Number of protein chains: 4
Amino acid sequence: MWNEHTADGKTYLERVFEFSNFVEAWGFMSKVAILAEKQNHHPEWSNVYNKVTIRLSTHDAGDVVTDYDRALAAAIDEL
Amino acid sequence: MWNEHTADGKTYLERVFEFSNFVEAWGFMSKVAILAEKQNHHPEWSNVYNKVTIRLSTHDAGDVVTDYDRALAAAIDEL
Amino acid sequence: MWNEHTADGKTYLERVFEFSNFVEAWGFMSKVAILAEKQNHHPEWSNVYNKVTIRLSTHDAGDVVTDYDRALAAAIDEL
Amino acid sequence: MWNEHTADGKTYLERVFEFSNFVEAWGFMSKVAILAEKQNHHPEWSNVYNKVTIRLSTHDAGDVVTDYDRALAAAIDEL
């Protein structure tokens, strides 16, 4: 589901989520937003209509994937 | 699902939705908010933790249930 | 701003917020939702169009006003 | 505020919004989401913490900037 990528010296977890339309995608994002702030760990994410792309990386650790990223990814997967 | 109630001279459709927790309830509300504004018809609604109560009535028609309420109820049920 | 009320054996802080329209009210609610989950303390709140009513009480303490309520009220006021 | 860019054969309006933190950025996005769905015109947008980047282009017109984009940009600016 989550793939690890490296680009421009940054490593991150990435997953793309697809929904039936924008409203459903937005309902999902609204839940992710709460989880992110609750964990004090925020994604780099984008949306176009029914598609949401989430990238997780830990800037303070030098833009690598840490347990903070894995914890947020796990919480998102539980939604 | 939706029940018609009359109280204080107002008639409205009411439905109570329950979720597993606040985050799930909020994801639902975030979708309903978009539908409501899109239809230019806004609910009287409340939330406590995992529970969302939605009441639909048409103020401009004298606080009775109209097709505007039935259309929004149907859109909510399709989520 | 926040008034303390007692009704049906429950004491709570209540404040009513008014905005120019539903979209502005919803933007506010979206911020409050995150704060509430972050503090693990959820309001009893309702919305009709441009109006948001928030009630804060601590159920686990016997439906009285505690520091949990005051902390969430303060965070909301800072928005 | 909004700049017109061309890249990969696509032309779009772009604007970057900065807020004091994630919660404020999210409140803004929650309002934009409603406007977008109401206008049946959805942005390509991304967020990292307090920063929101919005790109507007009309896919059905061949990925160019049209009045649909200008209308959504104007509605966002009025927030």
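## Helix on helix inside chain D

Let's start inside one chain: α1(D) passes α2(D) in a right-handed crossing (a crossing is right-handed if the near helix is turned clockwise from the far one by less than a right angle, and left-handed if anticlockwise). Helices here are DSSP runs of H or I with at least four residues, strands are E runs of at least two, and both are numbered from the N terminus. Helix α1 of chain D covers residues 22-38 and helix α2 of chain D covers residues 67-77; they pack at an angle of about 150 degrees, with their axes 10 Å apart. Those axes are lines fitted to C-alpha atoms, for helices over the stretch in contact, and angles run from 0 to 180 degrees between N-to-C directions.

On the α1(D) side the contact uses D:Val32, D:Leu35 and D:Ala36, and on the α2(D) side D:Leu72, D:Ala75 and D:Ile76. Contact means that the C-beta atoms of two residues, placed from the backbone, lie within 7 Å. By class, this contact has 6 nonpolar, no polar and no charged residues (Ala, Val, Leu, Ile, Met, Phe, Trp, Tyr, Cys and Pro count as nonpolar, Asp, Glu, Lys and Arg as charged, and the others, Gly among them, as polar).

## Ground rules

This is a predicted model, where local features need pLDDT of at least 70, side-chain atom pairs count only at pLDDT 80 or more, and totals for chains, interfaces and linings use all residues. Residues are numbered from 1 along each chain as its sequence is written, while chains are lettered from A and ligands numbered from 1 in the order in which they are written.

## Chains A and B

Turn chain A by 180 degrees, with a shift of 0.0 Å along the axis, and it lands on chain B with an RMSD of 0.0 Å. Within chain A, A:Gly27 has the C-alpha nearest the axis, 2.3 Å away. Both copies use the same surface, with 100% of the contact residues of chain A recurring in chain B. Chain A puts 8 residues into the contact and chain B puts in 8 residues. On the side of chain A that touches chain B, the classes are 5 nonpolar, 2 polar and 1 charged.

Zooming in on the helices, α1 (residues 22-38) of chain A and α1 (residues 22-38) of chain B pack at an angle of about 140 degrees, with their axes 8 Å apart. That makes α1(A) and α1(B) oblique to each other (under 35 degrees counts as roughly parallel, over 145 as roughly antiparallel, 65 to 115 as roughly perpendicular and the rest as oblique). Their crossing is right-handed. Among the residues making the contact are A:Trp26, A:Gly27 and A:Phe28 of α1(A), along with B:Trp26, B:Gly27 and B:Phe28 of α1(B). The residues of this helix contact split into 10 nonpolar, 4 polar and 2 charged.

## Chains B and D, and the A-C helix pair

Chain B goes onto chain D by a rotation of 180 degrees with 0.0 Å of shift along its axis (RMSD 0.0 Å). So the two copies are related as by a two-fold rotation axis. Of the interface residues of chain B, 100% are also interface residues in chain D, so the copies meet through the same surface. Here the contact takes 4 residues from chain B and 4 residues from chain D. The chain B side has 2 nonpolar, no polar and 2 charged residues.

Over on the other pair, α1(A) and α1 (residues 22-38) of chain C pack at an angle of about 45 degrees, axes 9 Å apart. This makes α1(A) oblique to α1(C). The crossing of α1(A) and α1(C) is right-handed. A:Ala33, A:Ile34, A:Glu37 and A:Lys38 meet C:Ala33, C:Ile34, C:Glu37 and C:Lys38.

An open sheet of 8 strands runs in the order β1(B)-β2(B)-β4(B)-β3(B)-β3(C)-β4(C)-β2(C)-β1(C), with antiparallel pairing. Two strands pair if DSSP finds at least two bridges between them. At the edges sit β1 (3-7) of chain B and β1 (3-7) of chain C, each pairing on one side only. From one strand to the next the twist averages 25 degrees. α1(B) packs on the sheet and touches β2, β3 (44-48) and β4 (51-56) of chain B, its direction making about 25 degrees with that of β4(B).

β1(B) and β2 (residues 10-18) of chain B run antiparallel and are joined by 5 bridges. B:Thr6 stands opposite B:Thr11 in β2(B). In chain C, helix α2 (residues 67-77) lies across β2 (10-18) and β4 (51-56), running at about 155 degrees to β4(C).

Key
Copies are superposed by least squares on the C-alpha atoms of residues with pLDDT of at least 70 in both.
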